[in-house]
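Look at the structure first, then read the points below.

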Amino acid sequence: AEKHAGVSCVTASMDDIQFEEAARVGQIIAIRTKVNRAFKTSMEVGIKVTVQDVLTNAEKIVSVAYATYVAKPVGDRKVELKPVQLLSTEDHLEHSLAIERRRIRLGYVQVFQKLMQESNKEGDFYICEEKDALSTEHTHVQSTELVLPPHANHHGNTFGGQIMAWMQTVASISASRLCRSHPILKSVNMFKFWGPSFVGDRLVFNAIVNNTFHNSVEVGVRVEAYNCEEWIKAQPRHINSAFLIFSAVNDKGELLAFPRVRP
């Protein structure tokens, strides 16, 4: 992103990320990225992650994801980005798809906000009446992390990937309280940066199971940041939220069923 913009850039959001394959110790991971399309002040960066087994030489796709980056303003003005130079048929295809992904992304947020408003109406909520349903309170997990220099990029901002890794940890613990196996992350949905965090900030992660389906579970994670003054005054900054989807398998590789939950 910075190679294209020529100035410092920050991550604005990530589209939903699907994990097709697990990467394990001893395998080689290759990460390839390129700017698919530049809009006026933001751009879409495509990310392709593959894993190669050193013994068989077989290469498999772990994930294909799309990140939105914005150029940091220079002074009081926003940086307008130059168009992307398209060299191949694949470049032209991704350039065309990027505008559609952007349209869906913006519409996705509006639809979600509308659903939230409708579900907040008094008396309009669902309560699981199943006898053996488990309370979601049992799945609540909270964790606090101190942002240190190795956790930050060259701007002093916390790495988005580091935040996602911490989010996955608390979400995995939350999901594990409903299954007798290690949960497997299948996707990360609606991962958006609402604001930055910096070296020295305390990040508080709250995770809880929102709902279970037959062979999967959705865990919601909210991240709040505090500097020293905000910590004393209990004035958090909401910087991230996301929904993580997990499944679980037994020793035979068969999908396990999750119990129903009661909000």
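On the surface, Ile 28, Val 54 and Leu 55 make up a nonpolar patch whose accessible area together is about 320 Å². Patches join residues with over 30% relative accessible area and no salt bridge, like charges within 9 Å and nonpolar side chains (Val, Leu, Ile, Met, Phe, Trp, Tyr) within 5 Å. Areas come from the Shrake-Rupley method with a 1.4 Å probe, and for residues only the protein chains shown count as cover. A salt bridge is a side-chain nitrogen of Lys or Arg within 4 Å of a carboxyl oxygen of Asp or Glu.

This is a predicted model, in which local features need pLDDT of at least 70 and side-chain atom pairs pLDDT 80 or more, while totals for chains, interfaces and linings use all residues. Residues are numbered from 1 along each chain as its sequence is written, and side-chain values use heavy atoms, without hydrogens and water.

**Patch**
- Val 54 sits in the loop between strand S4 (42-52) and strand S5 (59-71); strands (E, at least two residues) are DSSP runs numbered from the N terminus.
- Val 54 counts as partly exposed because its relative accessibility is 48%; buried means under 20%, exposed over 50%, and partly exposed in between.

**Domains**
- The chain is divided into domain 1 (1-108) and domain 2 (130-262), with bounds from an automatic or database domain assignment.
- Their centres, taken over C-alpha atoms, are 23 Å apart.
- Domain 1 brings 15 residues to the contact and domain 2 brings 13 residues; contact means heavy atoms within 4.5 Å.

Conventions: Helix = DSSP H or I, 4+ residues; strand = E, 2+ residues; numbered from the N terminus. Buried < 20%, exposed > 50% of the residue type's maximum accessible area, 1.4 Å probe, protein only.
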